Amino acid sequence: MKILADQNMPLVEQYFADFGEVERFDGRKLTPEQLIDVDVLLTRSVTKVDTALLACANKLSFVGTATIGVDHIDTHLLSDKNIAFSSAPGCNAIAVAEYVISSLYALTQENAQPLSGKTIGIVGVGNIGSCLADKLKALNVNVLLCDPIKHEQGLLKEHIELDELLAKSDVVTLHVPLIKTGKHKTLHLIDQTRLKALKPGLILINACRGEVIDNRALLKVMEQGADLDLVLDVWENEPDILTPLLDHVRYASVHIAGHTLEGKARGTQMLYQALCELKNVKGVKSLNDFLPEPVITQATLQPSFEDEDIARLVHLIYDVRRDDGILLRHLAKDGFDSLRKNYPVRREFSTLEVQAAPDLMAKLNQLGFTTAN
Ligand SMILES: NC(=O)c1ccc[n+]([C@@H]2O[C@H](COP(=O)([O-])OP(=O)(O)OC[C@H]3O[C@@H](n4cnc5c(N)ncnc54)[C@H](O)[C@@H]3O)[C@@H](O)[C@H]2O)c1
Ligand SMILES: O=C(O)[C@H](O)[C@H](O)COP(=O)(O)O
(Lines give C-alpha, C1' and ligand atoms only; values in the text may rest on other atoms or scores of the structure.)
(Ligands and ions follow the chains in the order given, each with its own letter.)
Protein backbone atom coordinates (compact mmCIF):
# COMPACT_ATOMS: atom_id res chain seq x y z
CA MET A 1 0.00 0.00 0.00
CA LYS A 2 1.33 3.48 -0.84
CA ILE A 3 0.59 6.21 1.70
CA LEU A 4 1.14 9.88 0.93
CA ALA A 5 1.15 12.16 3.98
CA ASP A 6 1.56 15.89 4.59
CA GLN A 7 5.07 16.69 5.83
CA ASN A 8 3.63 18.59 8.81
CA MET A 9 1.68 15.63 10.16
CA PRO A 10 3.46 14.10 13.16
CA LEU A 11 3.92 10.36 13.86
CA VAL A 12 2.74 9.11 10.46
CA GLU A 13 5.61 6.63 10.10
CA GLN A 14 5.03 5.35 13.66
CA TYR A 15 1.32 4.80 13.08
CA PHE A 16 1.12 3.81 9.41
CA ALA A 17 4.36 2.04 8.44
CA ASP A 18 2.74 -1.39 9.07
CA PHE A 19 0.25 -0.61 6.29
CA GLY A 20 2.90 0.10 3.66
CA GLU A 21 5.34 2.64 2.28
CA VAL A 22 4.95 6.21 3.63
CA GLU A 23 5.95 9.19 1.50
CA ARG A 24 5.68 12.84 2.50
CA PHE A 25 4.50 15.88 0.50
CA ASP A 26 4.42 19.65 0.83
CA GLY A 27 0.79 20.46 1.66
CA ARG A 28 0.49 23.50 -0.61
CA LYS A 29 2.40 21.99 -3.56
CA LEU A 30 0.83 18.57 -4.05
CA THR A 31 0.30 17.83 -7.77
CA PRO A 32 -2.21 15.41 -9.39
CA GLU A 33 0.71 13.31 -10.72
CA GLN A 34 1.94 12.63 -7.18
CA LEU A 35 -1.30 10.70 -6.61
CA ILE A 36 -0.60 8.08 -9.27
CA ASP A 37 -0.64 4.61 -7.61
CA VAL A 38 -1.33 6.14 -4.18
CA ASP A 39 -3.79 4.20 -1.98
CA VAL A 40 -4.04 6.50 1.03
CA LEU A 41 -3.81 10.30 1.15
CA LEU A 42 -3.36 12.01 4.54
CA THR A 43 -3.70 15.80 4.51
CA ARG A 44 -3.85 18.77 6.80
CA SER A 45 -5.91 21.92 6.22
CA VAL A 46 -3.80 23.51 3.48
CA THR A 47 -4.37 20.93 0.71
CA LYS A 48 -7.43 21.39 -1.50
CA VAL A 49 -8.78 17.93 -2.33
CA ASP A 50 -10.92 18.53 -5.43
CA THR A 51 -11.53 17.28 -8.97
CA ALA A 52 -8.29 18.79 -10.27
CA LEU A 53 -6.13 17.17 -7.58
CA LEU A 54 -7.70 13.74 -8.03
CA ALA A 55 -7.37 13.75 -11.85
CA CYS A 56 -4.62 11.07 -11.83
CA ALA A 57 -5.66 9.20 -8.64
CA ASN A 58 -6.04 5.69 -10.07
CA LYS A 59 -5.86 3.70 -6.83
CA LEU A 60 -6.98 6.06 -4.08
CA SER A 61 -9.26 4.30 -1.57
CA PHE A 62 -8.92 6.48 1.56
CA VAL A 63 -8.52 10.21 2.21
CA GLY A 64 -7.99 11.46 5.74
CA THR A 65 -7.54 14.98 7.07
CA ALA A 66 -5.97 15.26 10.51
CA THR A 67 -8.04 18.36 11.21
CA ILE A 68 -11.45 19.37 12.51
CA GLY A 69 -12.27 21.70 9.60
CA VAL A 70 -13.16 20.03 6.28
CA ASP A 71 -13.72 23.10 4.10
CA HIS A 72 -10.64 22.14 2.00
CA ILE A 73 -12.13 18.74 1.03
CA ASP A 74 -14.78 18.06 -1.61
CA THR A 75 -16.50 15.34 0.39
CA HIS A 76 -19.25 14.83 -2.25
CA LEU A 77 -16.59 14.13 -4.85
CA LEU A 78 -14.99 11.52 -2.59
CA SER A 79 -18.28 9.76 -1.99
CA ASP A 80 -19.08 9.87 -5.75
CA LYS A 81 -15.73 8.22 -6.40
CA ASN A 82 -16.30 5.69 -3.63
CA ILE A 83 -13.23 6.88 -1.74
CA ALA A 84 -13.56 6.48 2.02
CA PHE A 85 -13.07 9.69 3.98
CA SER A 86 -12.33 10.57 7.57
CA SER A 87 -11.58 13.79 9.42
CA ALA A 88 -10.49 14.14 13.04
CA PRO A 89 -13.41 15.79 14.89
CA GLY A 90 -12.43 17.07 18.30
CA CYS A 91 -8.72 16.23 17.92
CA ASN A 92 -7.56 19.72 18.82
CA ALA A 93 -10.61 21.07 20.71
CA ILE A 94 -8.68 21.19 24.00
CA ALA A 95 -5.79 23.03 22.34
CA VAL A 96 -8.05 25.73 20.88
CA ALA A 97 -9.96 26.15 24.17
CA GLU A 98 -6.60 26.55 25.97
CA TYR A 99 -5.50 29.12 23.37
CA VAL A 100 -8.63 31.15 24.19
CA ILE A 101 -8.14 30.84 27.97
CA SER A 102 -4.49 31.89 27.63
CA SER A 103 -5.53 34.93 25.54
CA LEU A 104 -8.24 35.92 28.01
CA TYR A 105 -5.86 35.84 30.96
CA ALA A 106 -3.15 37.74 29.08
CA LEU A 107 -5.49 40.47 27.87
CA THR A 108 -7.34 41.01 31.12
CA GLN A 109 -4.00 41.18 32.97
CA GLU A 110 -2.57 43.70 30.51
CA ASN A 111 -5.79 45.73 30.54
CA ALA A 112 -5.76 45.60 34.37
CA GLN A 113 -9.32 44.29 34.37
CA PRO A 114 -10.25 41.11 36.23
CA LEU A 115 -11.58 38.27 34.12
CA SER A 116 -14.13 37.43 36.78
CA GLY A 117 -17.58 38.87 36.14
CA LYS A 118 -17.01 39.24 32.38
CA THR A 119 -19.58 37.97 29.88
CA ILE A 120 -18.08 35.68 27.27
CA GLY A 121 -20.04 34.94 24.10
CA ILE A 122 -19.22 31.71 22.27
CA VAL A 123 -20.35 31.50 18.64
CA GLY A 124 -20.47 27.88 17.47
CA VAL A 125 -20.97 25.37 20.27
CA GLY A 126 -19.52 22.19 18.79
CA ASN A 127 -16.41 20.35 19.96
CA ILE A 128 -14.41 23.49 20.65
CA GLY A 129 -17.20 25.81 21.80
CA SER A 130 -18.51 23.29 24.32
CA CYS A 131 -15.01 22.35 25.55
CA LEU A 132 -14.34 26.06 26.12
CA ALA A 133 -17.71 26.61 27.84
CA ASP A 134 -16.89 23.72 30.13
CA LYS A 135 -13.47 25.10 31.05
CA LEU A 136 -14.95 28.56 31.65
CA LYS A 137 -17.12 27.07 34.43
CA ALA A 138 -13.92 27.09 36.50
CA LEU A 139 -13.72 30.88 36.25
CA ASN A 140 -16.22 33.28 37.61
CA VAL A 141 -17.63 34.41 34.25
CA ASN A 142 -21.01 34.45 32.48
CA VAL A 143 -21.17 32.45 29.29
CA LEU A 144 -23.55 33.14 26.38
CA LEU A 145 -23.94 30.62 23.57
CA CYS A 146 -25.01 30.98 19.95
CA ASP A 147 -25.51 27.94 17.71
CA PRO A 148 -28.70 28.10 15.65
CA ILE A 149 -28.09 24.65 14.10
CA LYS A 150 -27.82 22.87 17.45
CA HIS A 151 -30.76 24.94 18.71
CA GLU A 152 -32.94 23.84 15.77
CA GLN A 153 -31.94 20.24 16.49
CA GLY A 154 -33.10 20.67 20.10
CA LEU A 155 -29.52 20.26 21.38
CA LEU A 156 -28.96 23.73 22.80
CA LYS A 157 -31.72 25.32 24.87
CA GLU A 158 -29.57 28.29 26.00
CA HIS A 159 -28.97 29.52 22.42
CA ILE A 160 -29.32 33.25 21.81
CA GLU A 161 -29.25 35.05 18.46
CA LEU A 162 -25.88 36.32 17.23
CA ASP A 163 -26.72 40.04 17.37
CA GLU A 164 -28.01 39.73 20.93
CA LEU A 165 -24.83 37.87 21.91
CA LEU A 166 -22.64 40.54 20.27
CA ALA A 167 -24.49 43.28 22.14
CA LYS A 168 -24.33 41.60 25.55
CA SER A 169 -20.78 40.17 25.59
CA ASP A 170 -17.48 41.65 26.79
CA VAL A 171 -15.63 38.92 24.89
CA VAL A 172 -16.77 37.21 21.67
CA THR A 173 -14.98 34.07 20.53
CA LEU A 174 -15.73 32.41 17.18
CA HIS A 175 -15.79 28.62 16.75
CA VAL A 176 -17.89 27.94 13.65
CA PRO A 177 -16.90 25.97 10.56
CA LEU A 178 -16.47 27.87 7.29
CA ILE A 179 -19.81 27.50 5.45
CA LYS A 180 -19.89 29.43 2.18
CA THR A 181 -23.60 29.35 1.30
CA GLY A 182 -27.05 28.63 2.72
CA LYS A 183 -29.11 29.56 5.74
CA HIS A 184 -26.27 29.09 8.21
CA LYS A 185 -23.54 30.61 6.08
CA THR A 186 -20.53 31.72 8.14
CA LEU A 187 -18.49 33.37 5.37
CA HIS A 188 -18.20 37.00 6.58
CA LEU A 189 -20.56 36.22 9.44
CA ILE A 190 -18.91 39.18 11.14
CA ASP A 191 -19.32 41.69 8.32
CA GLN A 192 -18.93 45.45 8.12
CA THR A 193 -22.37 46.15 9.62
CA ARG A 194 -21.76 43.90 12.61
CA LEU A 195 -18.20 45.19 13.07
CA LYS A 196 -19.44 48.77 13.17
CA ALA A 197 -22.02 47.85 15.79
CA LEU A 198 -19.56 46.16 18.20
CA LYS A 199 -19.40 47.83 21.57
CA PRO A 200 -16.23 49.72 22.52
CA GLY A 201 -13.73 47.69 24.54
CA LEU A 202 -14.95 44.33 23.18
CA ILE A 203 -12.43 41.49 22.95
CA LEU A 204 -12.95 39.68 19.63
CA ILE A 205 -11.21 36.32 19.18
CA ASN A 206 -11.10 34.38 15.92
CA ALA A 207 -9.54 30.91 16.06
CA CYS A 208 -11.83 29.17 13.55
CA ARG A 209 -11.42 30.30 9.92
CA GLY A 210 -10.18 33.70 8.74
CA GLU A 211 -13.05 34.12 6.29
CA VAL A 212 -15.61 34.21 9.13
CA ILE A 213 -14.61 37.87 9.70
CA ASP A 214 -14.50 40.23 6.71
CA ASN A 215 -10.80 41.17 7.13
CA ARG A 216 -10.92 44.24 4.86
CA ALA A 217 -13.92 45.59 6.72
CA LEU A 218 -12.12 44.85 10.00
CA LEU A 219 -9.06 46.78 8.85
CA LYS A 220 -11.29 49.68 7.83
CA VAL A 221 -13.11 49.95 11.16
CA MET A 222 -9.82 49.66 13.06
CA GLU A 223 -8.26 52.42 10.91
CA GLN A 224 -11.32 54.52 11.71
CA GLY A 225 -10.49 54.10 15.40
CA ALA A 226 -12.72 51.23 16.57
CA ASP A 227 -11.91 50.35 20.18
CA LEU A 228 -11.60 46.56 19.90
CA ASP A 229 -9.07 44.15 21.39
CA LEU A 230 -8.43 41.69 18.56
CA VAL A 231 -7.00 38.20 18.98
CA LEU A 232 -6.57 36.61 15.55
CA ASP A 233 -5.13 33.17 14.91
CA VAL A 234 -6.73 32.79 11.49
CA TRP A 235 -6.83 35.14 8.51
CA GLU A 236 -8.55 35.52 5.19
CA ASN A 237 -6.49 34.18 2.31
CA GLU A 238 -3.76 32.40 4.31
CA PRO A 239 -0.80 32.37 3.76
CA ASP A 240 -1.07 35.77 1.99
CA ILE A 241 -2.70 37.63 4.81
CA LEU A 242 -3.71 41.28 4.99
CA THR A 243 -0.55 42.42 6.79
CA PRO A 244 -1.70 46.00 7.62
CA LEU A 245 -4.23 44.37 9.95
CA LEU A 246 -1.35 43.18 12.14
CA ASP A 247 -0.86 46.74 13.44
CA HIS A 248 -4.31 46.59 15.02
CA VAL A 249 -4.20 43.12 16.56
CA ARG A 250 -3.30 42.55 20.24
CA TYR A 251 -2.27 38.90 19.76
CA ALA A 252 -1.68 37.57 16.28
CA SER A 253 -0.64 34.03 15.40
CA VAL A 254 -0.25 31.81 12.34
CA HIS A 255 -3.24 29.43 12.57
CA ILE A 256 -1.72 27.47 15.43
CA ALA A 257 -4.49 27.57 18.05
CA GLY A 258 -4.92 23.81 17.65
CA HIS A 259 -1.23 22.98 17.43
CA THR A 260 -0.46 21.35 20.75
CA LEU A 261 1.62 18.22 20.41
CA GLU A 262 -1.37 16.27 21.72
CA GLY A 263 -3.83 17.97 19.33
CA LYS A 264 -1.77 17.23 16.23
CA ALA A 265 -0.89 13.70 17.32
CA ARG A 266 -4.55 12.94 18.16
CA GLY A 267 -5.40 13.89 14.56
CA THR A 268 -2.94 11.31 13.21
CA GLN A 269 -4.16 8.73 15.73
CA MET A 270 -7.81 9.25 14.65
CA LEU A 271 -6.92 8.68 10.99
CA TYR A 272 -4.97 5.55 11.94
CA GLN A 273 -8.07 4.23 13.75
CA ALA A 274 -10.28 5.07 10.74
CA LEU A 275 -7.96 3.22 8.34
CA CYS A 276 -7.77 0.25 10.71
CA GLU A 277 -11.57 0.05 10.70
CA LEU A 278 -11.72 0.32 6.92
CA LYS A 279 -9.17 -2.46 6.52
CA ASN A 280 -10.65 -4.57 9.33
CA VAL A 281 -7.45 -4.45 11.33
CA LYS A 282 -7.30 -4.06 15.12
CA GLY A 283 -5.79 -0.63 15.93
CA VAL A 284 -3.40 -1.30 18.79
CA LYS A 285 -1.20 1.79 18.70
CA SER A 286 -2.04 4.65 21.06
CA LEU A 287 -0.94 8.20 21.73
CA ASN A 288 0.85 7.27 24.96
CA ASP A 289 3.19 5.02 22.96
CA PHE A 290 4.63 8.07 21.21
CA LEU A 291 4.21 11.33 23.14
CA PRO A 292 7.42 12.50 24.84
CA GLU A 293 7.56 13.38 28.54
CA PRO A 294 6.79 17.12 28.98
CA VAL A 295 9.59 19.28 30.36
CA ILE A 296 7.48 20.42 33.34
CA THR A 297 5.30 17.75 34.91
CA GLN A 298 4.45 18.81 38.47
CA ALA A 299 3.60 21.92 40.48
CA THR A 300 2.83 22.33 44.17
CA LEU A 301 0.72 25.36 44.96
CA GLN A 302 1.19 26.94 48.38
CA PRO A 303 -1.82 28.01 50.53
CA SER A 304 -1.06 31.62 49.57
CA PHE A 305 -1.95 30.75 45.92
CA GLU A 306 -5.02 32.79 44.98
CA ASP A 307 -7.49 32.81 42.13
CA GLU A 308 -5.49 35.53 40.35
CA ASP A 309 -2.49 33.20 40.33
CA ILE A 310 -4.31 30.77 38.01
CA ALA A 311 -3.20 33.04 35.16
CA ARG A 312 0.42 32.32 36.08
CA LEU A 313 -0.19 28.60 35.99
CA VAL A 314 -1.95 28.83 32.62
CA HIS A 315 0.89 30.89 31.19
CA LEU A 316 3.50 28.53 32.61
CA ILE A 317 2.15 25.90 30.22
CA TYR A 318 1.10 28.17 27.35
CA ASP A 319 1.34 31.93 26.92
CA VAL A 320 -0.21 33.10 23.65
CA ARG A 321 2.13 36.14 23.68
CA ARG A 322 4.96 33.78 22.77
CA ASP A 323 3.24 33.12 19.44
CA ASP A 324 2.40 36.77 18.89
CA GLY A 325 6.08 37.65 19.28
CA ILE A 326 7.14 34.94 16.85
CA LEU A 327 4.75 36.17 14.18
CA LEU A 328 5.60 39.86 14.50
CA ARG A 329 9.36 39.27 14.48
CA HIS A 330 9.58 36.63 11.77
CA LEU A 331 6.64 36.91 9.34
CA ALA A 332 8.38 39.13 6.78
CA LYS A 333 11.57 37.05 6.78
CA ASP A 334 10.26 33.49 7.13
CA GLY A 335 6.68 33.62 5.84
CA PHE A 336 3.43 32.31 7.30
CA ASP A 337 3.81 28.65 6.32
CA SER A 338 7.36 28.34 7.57
CA LEU A 339 6.32 29.69 10.99
CA ARG A 340 3.58 27.03 11.11
CA LYS A 341 5.97 24.29 10.08
CA ASN A 342 8.55 25.25 12.69
CA TYR A 343 6.06 25.88 15.48
CA PRO A 344 7.75 25.32 18.86
CA VAL A 345 6.49 22.46 21.01
CA ARG A 346 3.39 23.26 23.00
CA ARG A 347 1.76 20.91 25.50
CA GLU A 348 -1.75 20.80 26.97
CA PHE A 349 -2.65 21.83 30.56
CA SER A 350 -3.25 18.16 31.41
CA THR A 351 0.51 17.49 31.22
CA LEU A 352 0.94 19.41 34.49
CA GLU A 353 0.01 17.59 37.68
CA VAL A 354 -0.97 20.10 40.32
CA GLN A 355 -1.06 19.68 44.08
CA ALA A 356 -3.21 22.31 45.79
CA ALA A 357 -5.91 23.00 48.38
CA PRO A 358 -9.11 20.96 47.68
CA ASP A 359 -11.31 23.90 46.58
CA LEU A 360 -8.65 25.04 44.12
CA MET A 361 -8.08 21.48 42.85
CA ALA A 362 -11.67 21.28 41.56
CA LYS A 363 -11.27 24.52 39.61
CA LEU A 364 -7.92 23.54 38.14
CA ASN A 365 -9.28 20.16 37.17
CA GLN A 366 -12.18 21.84 35.38
CA LEU A 367 -9.67 23.98 33.48
CA GLY A 368 -7.88 20.82 32.33
CA PHE A 369 -4.92 20.45 34.68
CA THR A 370 -4.28 17.04 36.18
CA THR A 371 -4.84 17.11 39.91
CA ALA A 372 -2.82 14.91 42.24
CA ASN A 373 -4.77 12.54 44.51
N1 LIG B 1 -7.28 27.75 14.56
C2 LIG B 1 -7.15 26.43 14.60
O3 LIG B 1 -6.06 25.94 14.74
C4 LIG B 1 -8.36 25.55 14.53
C5 LIG B 1 -8.32 24.30 15.14
C6 LIG B 1 -9.44 23.50 15.09
C7 LIG B 1 -10.58 23.93 14.44
N8 LIG B 1 -10.60 25.13 13.84
C9 LIG B 1 -11.84 25.61 13.17
O10 LIG B 1 -12.85 25.70 14.18
C11 LIG B 1 -14.06 25.20 13.64
C12 LIG B 1 -14.93 24.66 14.76
O13 LIG B 1 -14.37 23.49 15.29
P14 LIG B 1 -15.25 22.44 16.11
O15 LIG B 1 -14.43 21.26 16.35
O16 LIG B 1 -15.87 23.08 17.28
O17 LIG B 1 -16.33 22.07 15.02
P18 LIG B 1 -17.75 21.42 15.26
O19 LIG B 1 -18.25 21.02 13.94
O20 LIG B 1 -17.69 20.43 16.35
O21 LIG B 1 -18.63 22.66 15.80
C22 LIG B 1 -18.98 23.76 15.02
C23 LIG B 1 -20.31 24.27 15.56
O24 LIG B 1 -20.62 25.47 14.86
C25 LIG B 1 -22.03 25.50 14.67
N26 LIG B 1 -22.40 26.42 13.63
C27 LIG B 1 -22.42 26.22 12.29
N28 LIG B 1 -22.86 27.33 11.67
C29 LIG B 1 -23.10 28.25 12.63
C30 LIG B 1 -23.55 29.60 12.60
N31 LIG B 1 -23.88 30.22 11.47
N32 LIG B 1 -23.65 30.26 13.79
C33 LIG B 1 -23.35 29.64 14.96
N34 LIG B 1 -22.96 28.36 15.04
C35 LIG B 1 -22.81 27.67 13.88
C36 LIG B 1 -22.38 24.04 14.35
O37 LIG B 1 -23.74 23.78 14.58
C38 LIG B 1 -21.46 23.30 15.31
O39 LIG B 1 -22.10 22.98 16.53
C40 LIG B 1 -13.63 24.12 12.64
O41 LIG B 1 -14.57 23.94 11.62
C42 LIG B 1 -12.34 24.67 12.08
O43 LIG B 1 -12.62 25.41 10.94
C44 LIG B 1 -9.51 25.96 13.87
O1 LIG C 1 -9.45 22.51 11.38
C2 LIG C 1 -8.51 22.27 12.10
O3 LIG C 1 -8.43 21.22 12.77
C4 LIG C 1 -7.42 23.27 12.29
O5 LIG C 1 -7.66 24.41 11.57
C6 LIG C 1 -6.07 22.70 12.10
O7 LIG C 1 -5.37 22.83 13.30
C8 LIG C 1 -5.34 23.41 11.02
O9 LIG C 1 -4.02 23.14 11.07
P10 LIG C 1 -3.22 22.46 9.87
O11 LIG C 1 -3.93 21.23 9.56
O12 LIG C 1 -3.24 23.37 8.69
O13 LIG C 1 -1.90 22.28 10.42
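**View 1. Asp233 and its surroundings in the predicted model.** D233 counts as buried, with 26 C-beta neighbours inside 10 Å (buried means 20 or more other C-beta atoms within 10 Å of the residue's own, exposed 12 or fewer, and partly exposed in between, with C-beta atoms placed from the backbone). This is a predicted model, in which local features need pLDDT of at least 70 and side-chain atom pairs count only at pLDDT 80 or more, while totals for chains, interfaces and linings use all residues. Residues are numbered from 1 along each chain as its sequence is written, and chains are lettered from A and ligands numbered from 1 in the order in which they are written. You will find D233 in the loop between β10 (228-232) and β11 (251-252); helices (H or I, at least four residues) and strands (E, at least two) are DSSP runs numbered from the N terminus. Leaving aside neighbours within four places in sequence, D233 is in contact with Y99, N206, A207, S253, H255, I256 and A257 (contact: C-beta atoms, placed from the backbone, within 7 Å).

**View 2. Asp147, another position in the UniProt record.** The unreviewed UniProt entry lists D147, D233 and G258 under "binding site"; such annotations may be inferred rather than shown by experiment. D147 sits in the loop between β7 (142-146) and α5 (148-152). D147 is buried, since 24 other C-beta atoms lie within 10 Å. Beyond four places in sequence, the contacts of D147 are G124, V125, G129, L156 and H159.

**View 3. The shell around ligand 1.** Here 34 residues surround ligand 1, and the closest are G69, G124, G126, P177 and G258 (a residue is near a molecule if its C-beta atom, placed from the backbone, lies within 6 Å of it). Helices α3 (93-110), α4 (127-136) and α5 each supply at least two residues of this shell.

View 4. β9 (residues 202-206) is mostly covered, with four of its five residues buried. β9 also pairs with β10 in the parallel sense over five bridges, where I205 is partnered by V231.

How values were computed. Two residues are in contact if their C-beta atoms, placed from the backbone, lie within 7 Å. Two strands pair if DSSP finds at least two bridges between them.
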